[in-house]
Amino acid sequence: MTEPPVNPDQALGPRHWARVDGWGMAVRSFGYLFHPRTADEIRNVYDLARGAGKTIVLRGAGRSYGDAAINNEGIVLDLCGMDRVISWEPDTGIIELEPGVTIQKLWQTIIADGYWPPVVSGTMHTTMGGCAAMNVHGKNNFKVGPFGDHIIEFDLLLPSGEIRTCDRAGNARLFHAAVSGFGMLGCFIRLKMKMKKVCSGLLRIEAFHTRNLQEMVDEFEDRVADADYLVGWIDTVAGGSGLGRGIVHQANYLREGEDPRPADSLTISAQELPAHLFGIMPKSLIYLLMRPFINNPGVRLINASKYWSSRIALRGACYCQSHGAFAFLLDYVPNWKLAYGAGGLIQYQSFLPRGRAVAAFEAILRAAHSAGLPPYLGVFKKHRPDPFLLTHALDGYSLAMDFRVTASNRQRLWSLAGELDQIVLDNGGRFYFAKDATLQLWSIDKFLPPANIEAFLALKHECDPENILQSDLSKRLFGKRFSAEVTQQSL
Ligand SMILES: Cc1cc2nc3c(=O)[nH]c(=O)nc-3n(C[C@H](O)[C@H](O)[C@H](O)COP(=O)(O)OP(=O)(O)OC[C@H]3O[C@@H](n4cnc5c(N)ncnc54)[C@H](O)[C@@H]3O)c2cc1C
């Protein structure tokens with residue numbers, strides 16, 4: 001529906017009606033968009049929704065690939081305007097933030113004092129609220145856990161208008177559920193976090209190739225004790241003996257005295273990504289150059305060149321790179337997603353226990369190849385379990401794969417995703433709501449422990465008994481289980 005439905009309540013008129021898409025552009029919606037700047041303005045929208053019989057999705061920067069931050073024909077509460085740094089204490093590394101502060105604003109605030117955020121996503125444009133709600137992980141997940149492990153305390157504004165302050169001692173149940181609770185229990189309006197002290201703005205990087213997935217896992221396991229960050233790129237189109245081949249990057253913080261000029265590297269300008277390619281071409285146009293290669297032969301060519309050049313050029317390569325350049329590789333090319341064309345892309349990220357990962361990911365890659373739908377990007381990470389209720393992490397590995405969506409492959413892609421789900425579930429794996437666009441109504445029961453789902457539904461009933469907070473993702477995966485009667489029965 002592209003026109004707003006006729007609504008007797010003028011407060012929900014065409015003025016607010018807007019198209020709001022998932023980041024990957026493969027799932028889209030229309031809704032009533034609001035931009036609150038204070039807790040009272042959020043309360044007003046809660047009341048408005050209640051009066052109009054509408055649901056609300058909370059939205060940060062909208063960087064979730066699928067439908068986690070959209071709500072078709074409902075209200076979308078865009079929190080990007082609540083972006084104040086409330087306080088920053090360089091002596092302790094403790095910072096208090098509003099939910100709309102982005103990772104970019106966070107690192108820009110703390111870098112000159114010798115700090116870096118302990119966990120960042122692959123893009124710096126995500127917000128604190130979105131990162132907490134999804135409990136995002138970085139390339140150091142195996143070492144420092146997810147975003148939530150670095151939150152000391154937060155204020156959650158419930159749909160009733162009540163503010164609950166939560167930490168590990170007070171409201172601990174809600175603390176561990178709202179982090180990972182994909183915006184279903186209340187709105188984070190203040191987060192208190194601890195930042196990581198660093199003595200240089202540079203990291204030491206080692207890069208090397210691996211000939212298959214087993215070799216990549218072996219390298220990760222050998223290096224895990226000494227590495228601060230580990231990430232693998234996988235050539236997702238290579239088959240046969242090259243199945244799962246790739247490149248690993250290990251990064252380590254420099255120790256005191258190793259950077260001769262820390263005052264220079266610990267600056268915003270030293271961390272920023274270059275604005276031009278080869279010094280002349282504006283980065284905002286690079287996606288146009290990528291476009292002709294976003295198809296099976298194009299990706300085959302690019303990936304093979306990248307892999308084979310790494311075998312020659314990266315042999316034992318060791319160099320220094322800024323935190324920003326290493327962490328936010330995906331921000332080098334703004335709007336790169338537009339290179340995928342009008343149908344956009346989905347990301348399929350699954351998490352497999354350590355002992356099952358190699359065989360399961362190989363099976364996943366083979367299934368995608370046999371379906372004629374190879375993924376175009378593959379990123380490999382190592383994880384560890386964490387205490388959050390709906391966590392996606394486990395003791396094992398994840399492979400995130402980007403698939404191009406077109407009008408002609410969409411249906412086949414969704415059925416391939418169903419096939420891949422089965423491989424993941426048969427091997428005791430998990431999924432991640434921030435990336436998902438394809439899981440089905442029954443899926444959560446197959447990968448989340450029943451006790452966790454029960455506990456989550458109980459908190460949903462306690463914090464949001466009228467089910468005002470919903471999203472297209474929650475409707476797709478939880479169906480009617482948020483409705484009061486069903487929730488009551490399950491308690
Ligand atoms: C290029 C790219 C790279 C990425 N790399 C990574 C990565 O390395 N690791 C990783 O884990 N993820 C990664 N992601 C996914 C991304 O980090 C998550 O989807 C994150 O949640 C997006 O934050 P956001 O501010 O855009 O939130 P949105 O996408 O807008 O919202 C995400 C969820 O948070 C909820 N929410 C938003 N604000 C609030 C609030 N104030 N209170 C309560 N709930 C709220 C929403 O309802 C929604 O469920 C990446 C995404 C992109 C596009």
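Guide: Let's start with the open sheet of five strands, whose order is β5-β6-β10-β8-β9 and whose pairing is antiparallel. Strands here are DSSP E runs of at least two residues and helices are H or I runs of at least four, numbered from the N terminus; two strands pair if DSSP finds at least two bridges between them. At the edges stand β5 (85-89) and β9 (163-167), each of which pairs on one side only. On average, neighbouring strands of this sheet are turned by 10° against each other, direction ignored; angles run from 0 to 180 degrees between N-to-C directions, and axes are lines fitted to C-alpha atoms, for helices over the stretch in contact.

Before going on, a word on the ground rules: this is a predicted model, so local features need pLDDT of at least 70, side-chain atom pairs count only at pLDDT 80 or more, and totals for chains, interfaces and linings use all residues. Residues are numbered from 1 along each chain as its sequence is written, and side-chain values use heavy atoms, with hydrogens and water left out.

Back to the strands. Five bridges hold the antiparallel pair β8 and β9, and Phe154 sits opposite Cys166 in β9.

Now the charges. Asp155 and Arg190 form a salt bridge through their side chains, 2.7 Å from N to O; the term means a side-chain nitrogen of Lys or Arg within 4 Å of a carboxyl oxygen of Asp or Glu. Asp155 belongs to strand β8 (residues 151-157) and Arg190 to strand β10 (residues 187-194), so to speak a link between distant parts of the chain, 35 residues apart. Both Asp155 and Arg190 are buried, where buried means under 20% relative accessible area, exposed over 50%, and partly exposed in between (1.4 Å probe, protein chains only).

Another pair is Glu162 with Arg164, whose closest N and O atoms are 2.8 Å apart in a salt bridge. Glu162 is partly exposed, at a relative accessible area of 36%, while Arg164 counts as buried at 17%.

Further along, Asp436 and Arg476 make a salt bridge too, with 2.8 Å between the closest N and O atoms. Asp436 is in the loop between β21 (430-431) and α14 (443-447), and Arg476 is in helix α16 (residues 472-478), so this pair ties together parts 40 residues apart in sequence. Both Asp436 and Arg476 are buried. Shared partners also build a network: salt bridges join Glu96, Glu153, Asp155 and Arg190. The count of salt bridges comes to 31.

There's a second sheet to look at. This one is open, with four strands in the order β1-β2-β4-β3 and mixed pairing. β1 (17-21) and β3 (56-59) are its edges; each has a single partner strand, so one side of each has no neighbour in the sheet. The twist from one strand to the next averages 45°. β1 runs antiparallel to strand β2 (residues 28-34), joined by five bridges, and Val20 has Ser29 in β2 as its bridge partner. Across β2, β3 and β4 (75-78) lies helix α1 (residues 39-52), at about 175° to β4.

Last, a helix pair. Helix α6 (residues 213-223) packs against helix α12 (residues 357-370) at an angle of about 145°, with 10 Å between the axes. Leu213, Gln214 and Val217 in α6 meet Val358, Phe361, Glu362 and Leu365 in α12, contact being heavy atoms within 4.5 Å. By class, that contact has five nonpolar, one polar and one charged residues (Ala, Val, Leu, Ile, Met, Phe, Trp, Tyr, Cys and Pro count as nonpolar, Asp, Glu, Lys and Arg as charged, and the others, Gly among them, as polar).
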